[in-house]
Amino acid sequence: MTRAVLESRDLKVTFGGVTALAGVDITCAKGELTGLIGPNGAGKTTFIDAVTGFLPSNTTGQVLLDGADVTGMPPHALAQLGLTRTWQSLELFDDIDVSANLAVASRSLTLRRAVKGMWKRDRSDRVDEVLEQFDLTGVRERLPRDLSLGQRKLVGIARAVVARSRIVLLDEPASGLDRKETAWLGDRLRAMIDGGSTLLLVDHDMDLVLSVCDRIQVLEFGVVIANGTPTEIRHDPRVGEAYLGEAAQVT
Ligand SMILES: Nc1ncnc2c1ncn2[C@@H]1O[C@H](COP(=O)(O)OP(=O)(O)O)[C@@H](O)[C@H]1O
Ligand SMILES: [Mg+2]
């Protein structure tokens, strides 16, 4: 039996009268790439927000990290415990270079030193290793705003990875990427899994999700309606109705 790194039990989130998650049980097994898909508004981002501690007053249920109950812990405490995420809208430090963006996240560079302009002198093997892994070594001294969207997305993921997380939750990392960049990103995610990482991937790109994930959970209106391997999900009629049809219309 594979071990769960992240587990939600009966997770419920409401915003006023809107139920965004209606009691969700999702498990991310160690060393696996778990996909989380569903139509717009299904609750995918809400799931990531809730398990990473961003919606304390809207959330009920339980969150377990490596078997420990971390329910109600604030985001910074969860990040320190190795539960990290990326954002649907990229959040990079635009005035410090790529390697400093990673160094801040890896805590080899403090924000105080960064704002004092001391970031250029900070070097860490861990940052170098992750830059290499994401093919970003050539742009390490560039500012994020001077990069392509694809490269900026990679910096966002690399920054989550550099912190040596137990699990990284990726919110639509492929949005805005072209097919080639998306395929390349998929290869990087698989390489991370091969290197022992555990990931949750939320994305609209069905080709990406179906080709790289070990298991996929499907959300609709805040309810998990299917859970299985990519092959099972591809052939599940409920998924076709809830999601694939809509995705076909949207794209
Ligand atoms: N801060 C918020 N305030 C009110 N409603 C919200 C908020 N965030 C999300 N929602 C609602 O919760 C539902 C799920 O949204 P979301 O998790 O963003 O969906 P997804 O990421 O799957 O597209 C939607 O109905 C959305 O309108
Ligand atoms: Mg979303």
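The element that gives the most to the lining of the second largest pocket is α5, with 3 residues. The model is predicted, with local features requiring pLDDT of at least 70 and side-chain atom pairs pLDDT 80 or more, whereas totals for chains, interfaces and linings use all residues. Side-chain values use heavy atoms, without hydrogens and water, residues are numbered from 1 along each chain as its sequence is written, and chains are lettered from A and ligands numbered from 1 in the order in which they are written.

At least two lining residues each come from α5 (125–133), α6 (149–162), β7 (167–171) and α7 (179–194). The second largest pocket holds about 270 Å³ of space. Of its 21 lining residues, R126, V161, S165, G196 and S197 are the closest to its centre. The lining comprises 8 nonpolar, 6 polar and 7 charged residues. Because domain 1 (1–79 + 167–251) and domain 2 (83–164) both contribute to the lining, the second largest pocket lies between them.

A pocket is an open set of points on a 1 Å grid over the protein atoms alone, where a 1.4 Å probe fits, with protein on both sides within 12 Å along at least five of seven lines; lining residues have an atom within 4 Å of a point.

The shell around ligand 1 consists of F15, V18, A20, P39, N40, G41, A42, G43, K44, T45 and T46, a residue being near if one of its heavy atoms lies within 4 Å. By class, 5 are nonpolar, 5 polar and 1 charged. Both β2 (18–29) and α1 (44–51) supply at least two shell residues, and α1 has the largest share, 3 residues.

Oxygen atoms of ligand 1 lie 2.8 Å from a backbone N or O atom of G41, 2.9 Å from a backbone N or O atom of G43 and 2.7 Å from a polar side-chain atom of K44.

Definitions and conventions. A polar contact is a pair of N or O atoms within 3.5 Å; within protein, one must be able to donate a hydrogen and the other to accept it, and residues adjacent in sequence count only if both atoms are side-chain atoms. Helices (H or I, at least four residues) and strands (E, at least two) are DSSP runs, numbered from the N terminus. Ala, Val, Leu, Ile, Met, Phe, Trp, Tyr, Cys and Pro count as nonpolar, Asp, Glu, Lys and Arg as charged, and the others, Gly among them, as polar. Grid points are joined across faces, edges and corners, and a volume is the space filled by probe spheres set on the points. Domain bounds come from an automatic or database domain assignment.
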